[in-house]
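Subject: Structure handover

Hello,

Please find below the structure I am passing on to you.

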Amino acid sequence: MNLTLKIWRQKNSNSKGKMVDYPISDISPDMSFLEMLDVLNNQLIEKGEEPVAFDHDCREGICGMCSLYINGEAHGPDRGVTTCQLHMRKFKDGDTIYIEPFRAKAFPVVKDLAVDRSAFDRIQHAGGYISVNTSGNTQDANSLPVQKEHADRAFDAATCIGCGACVASCKNSSAMLYVSAKISQYALLPQGKVEAEERVQSMVNQMDAEGFGNCSNTGACEVECPKGISLENIARMNREYFKAKASTKD
Amino acid sequence: MATLDANIPKGPLKDKWTNHKNNINLVNPANKRNIDIIVVGTGLAGGSAAATLAELGYNVKAFCFQDSPRRAHSIAAQGGINAAKNYQGDGDSIYRLFYDTVKGGDYRSREANVYRLAEVSANIIDQCVAQGVPFAREYGGLLDNRSFGGVLVSRTFYAKGQTGQQLLLGAYSAMNRQIGRGKIKMYNRHEMMDVVKVDGKARGIIARNLVTGEVERHGAHAVVVGSGGYGNIFFLSTNAMGSNASAAWKIHKKGAYFANPCFTQIHPTCIPVSGDLQAKLTLMSESLRNDGRIWVPKKKEDVEAIRSGKLRPTQIKEEDRDYYLERRYPAFGNLVPRDVASRAAKERCDAGYGVNQTGEAVYLDFSSAIERYGKEAAHVKGLDENDKSLVEKLGKEAVANKYGNLFQMYEKIVDENPYETPMMIYPAVHYTMGGVWVDYNLMTTVPGLYAIGEANFSDHGANRLGASALMQGLADGYFVLPYTIGDYLSGDIRTGAISTDTKEFELAEKEVIERLDYFVNNKGEKPVDFYHKRLGKIMWNKCGMSRNAETLKSAIDEIKALREEFWKGVRVPGTRNEFNEELAKAGRVADFMELGELFAKDALEREESCGGHFREESQTEEGEAKRDDENYKYVAAWEYKGEPSEAVLHKEDLVYENIELKTRSYK
């Protein structure tokens, strides 16, 4: 395949960026999207130019490190995959492909296509845990049965990889899908219920402080989420939040 | 040749850990507040260690090269975590887990460490459940288990095919709690460049901020390296692109012995290599071997027809299929350990029965599992068990429930539906049993310097059993290191903060900067990957699934020559003071080039076959690995002497007091 790539280049967070054109040829449809960028980068290096910076690590869709806004969609045109699992067979010979970073006020560009998502970490620091010491002196794992349906739904929420596609896809740059996935995981499990009220309030407060927008229920996040995290989680988070607000003691 | 003392506590095996904990020195809570610990790496081992040390009251600085600790490659572990809970009542026990692990490791691991691992395994599950890790459950609300290779019980806990993710997020949440409390200071996008020794003790590290390029000094009373394995030395592996050996190699060069570098795990079920420009291989969890059956055609003409596209695998009749694992190993069948399964696949493919264009693939087939689960589901629901399409539908649902994400991953990569056509798989580099040598306290040969998780060597011998890596990472981080490190730190309560304004830090920093400058100023022509790929080819062809003296000797020569070429010819664009991924990669590959040579040297020295190390000169008439306990029942720990070729061998004799050494048989 022969393609034209239009790629966002930006030296660092302080500089202005722009789109730059790169033609690329002899791409096999069986290659992954990032392998295609590897080829481009090695060609650029051999020509004495600077390679394109992009985040990636596991290349099997689980670490959440890769990002990219490809032809106007987070993680590109395929559904249920991250960019590293996107294959060139989803494109046609002669295509022009636009490659941009995930854009949001809370995700400043580090360089080219790499962005800073540490706001996500800070939301977790605010309450994304169960306050139990790691001494191992807890009760036997089977002493507290959990209804299979609840355990399965908690698992579904917990599969969020923290990539930020939800934020990049949302016209308000809202992080509600991401935050609600963690809130839901714990809210559905008996172990997490003890601190549920404090957790939802502190995490939501931190989310707002980081400059993420609000949810206006368009559902773009759910469509673009590579792990299929459901909007149902946002509804659950809202319920948890109002419940917590209503019962907050002074 | 010197021998090494692992400081194993005296007394009966089952009391060693308890007695040791009772006898080692502790640091009181007030003094812990004055002690700093650096943890490098935030996977299961590093993340859990950082969280636990902080909870105990130490000041922790944690480092990871990724943009968040949650991305460490433990996240990609799929199948599960072992624990001797015996929830299934199938005869499991601490002893059996211990025994299986030592036997699975082909009697090249340390009894006392493995027993301790089995002992704390049950607590890991309790701990993770308390943290909200959503393990798979049965309808009664209790935890579910499955089987993994090399064992006859069901002791593996799992969260679909994402067990590593869920466990890592558990450790990450424990870290977040401590980051929120200010007890862990987290350094994302930072790479450890070297360890700094003061008066022979590890007293800090030099790190590079990967965003700004700034080189930083960090002091501490102890340094813990949990930076994972070195599988990426092969270029193509199931490791993440950033996974590297640099932290481990740097501490080796500063005095930590490196043990059994040739013990590498080639995992039997990975998606086969598709092309020259491929950057990484993808694992299909071993848990699939619970239900999938591995086969190749019996007849060469069928193989040809499949390769040329004239026949589909589903058209090969049952009697024309060779379920070679079931044939060769009837007792364990498809669940033989990984080293055995990998070699068996290689044997069939070398004999010309590989089923794809490259001749390097075998089938992993779920059709009988789909039928079995479908019938069971139909029976439970009171539906017609003889209705073929219904059974197929229900069976596919059941398989999707267990392995859905893996099947989806396969389909995305290969563009074939594994519910309809058998998967194609082939062995790939996955895990390294070798690593930094540590004693019973997980301390390296440098005082105050520790290695945990895959970065150390101690628990898996020459072959790791499935679902044991997660167990070891969390055991080291949650339950072992946080206590044993106190014994050492109790001597440091009066030391005070470690200053980084010393000549040792200055010198280490200078060396780091010189090397970075070398790369960006070098007038080379080829990118880092060009050399890394060539190193990978040497390693795979000459130090891969089977090795012999001749190929190993030539590997050593070739790696040396390639290393010289690399230093002369590598081109790193950009500068040192910016986000520069090529520069980071160059440093990692430079270290792989040295480690690769030690790897081959170690493999050459070990003239026996054991576990993942198969020396062609040492095999039985049936082609099985032939161990030589008389001459090689030891850990080979290498001391750095300026060049990998000059490394000096130290032996730690392995003493088996509780297990009788046997020829490993899975027949």
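Confidence

Please keep in mind that this is a predicted model. Its scores are ipTM 0.98 and pTM 0.97. For chain B the mean pLDDT is 96, and 100% of the residues reach 70 or more.

Chain B as a whole

Chain B contains 18 helices and 19 strands. Along the principal axes, its C-alpha atoms fill a box of roughly 80 × 55 × 50 Å. The radius of gyration of chain B is 25 Å, which agrees with the value near 26 Å that a compact globule of 667 residues would have. Of those 667 residues, 60% count as buried. Among the contacts in chain B with a separation of 6 or more, 74% are between residues 24 or more positions apart.

Domains of chain B

The division of chain B gives domain 1, residues 267-429, and domain 2, residues 510-626. Taken over C-alpha atoms, the centres of these two domains of chain B are 33 Å apart.

The nonpolar core

In soluble globular proteins, nonpolar side chains tend to be buried together. Here the largest nonpolar core has 290 residues. The residues with the most contacts inside this core are B:V224, B:V225, B:V362, B:V436 and B:Y450. Helix α17 of chain B (residues 581-605) supplies the largest share of the core, 13 residues.

Leaving aside residues up to four places away in sequence, B:V436 touches residues including B:V225, B:A248, B:I251, B:F258, B:A451 and B:F457. B:H252, B:T444 and B:N456 are also among the residues that B:V436 touches.

Two backbone points in chain B

Most residues other than glycine have a negative phi. B:N260, which is not a glycine, has a positive phi near 45 degrees. B:N260 sits in the loop between β10 (258-259) and β11 (264-270) of chain B. Is B:N260 buried or exposed? It has 30 C-beta neighbours inside 10 Å, and therefore B:N260 counts as buried.

The other residue is B:D415, with a positive phi of about 70 degrees although it is not a glycine. B:D415 is found in the loop between α12 (388-414) and β15 (423-432) of chain B. B:D415 counts as exposed, because it has 11 C-beta neighbours inside 10 Å.

Chain A

For chain A, the domain assignment gives domain 1 (3-111) and domain 2 (117-247). The centres of these domains of chain A, over C-alpha atoms, are separated by 29 Å. Between them, 18 residues of domain 1 of chain A are in contact with 17 residues of domain 2 of chain A. The domain 1 side of this contact in chain A is made up of 9 nonpolar, 6 polar and 3 charged residues.

Helix α2(A) is mostly covered, with 6 of its 8 residues buried. Those buried residues are A:A119, A:F120, A:D121, A:I123, A:Q124 and A:H125. What do the buried residues of α2(A) pack against? They pack against α5 and α7 (196-209) of chain A, together with α6 (163-180) of chain B.

Where chains A and B meet

The contact between the chains takes 66 residues from chain A and 69 residues from chain B. On the chain A side, the elements that give two or more residues are α1 (33-46), β6 (109-111), α2 (118-125), α3 (148-158), α5 (176-187) and α6 (190-193) of chain A. Of these, α1(A) gives the most, with 6 residues. The residues on the side of chain A that touches chain B divide into 25 nonpolar, 26 polar and 15 charged.

Regards

Methods: Residues numbered from 1 in each chain as written. Chains lettered and ligands numbered in written order. Contact = placed C-beta atoms within 7 Å. Helix = DSSP H or I, 4+ residues; strand = E, 2+ residues; numbered from the N terminus. Nonpolar A, V, L, I, M, F, W, Y, C, P; charged D, E, K, R; others polar. Rg over C-alpha atoms; globule rule 2.2 N^0.38 Å. Buried ≥ 20, exposed ≤ 12 C-beta atoms within 10 Å, placed from the backbone. Domains from an automatic or database assignment. Core = buried A, V, L, I, M, F, W, Y, C linked by C-beta atoms within 7 Å. pLDDT = per-residue confidence, 0-100.
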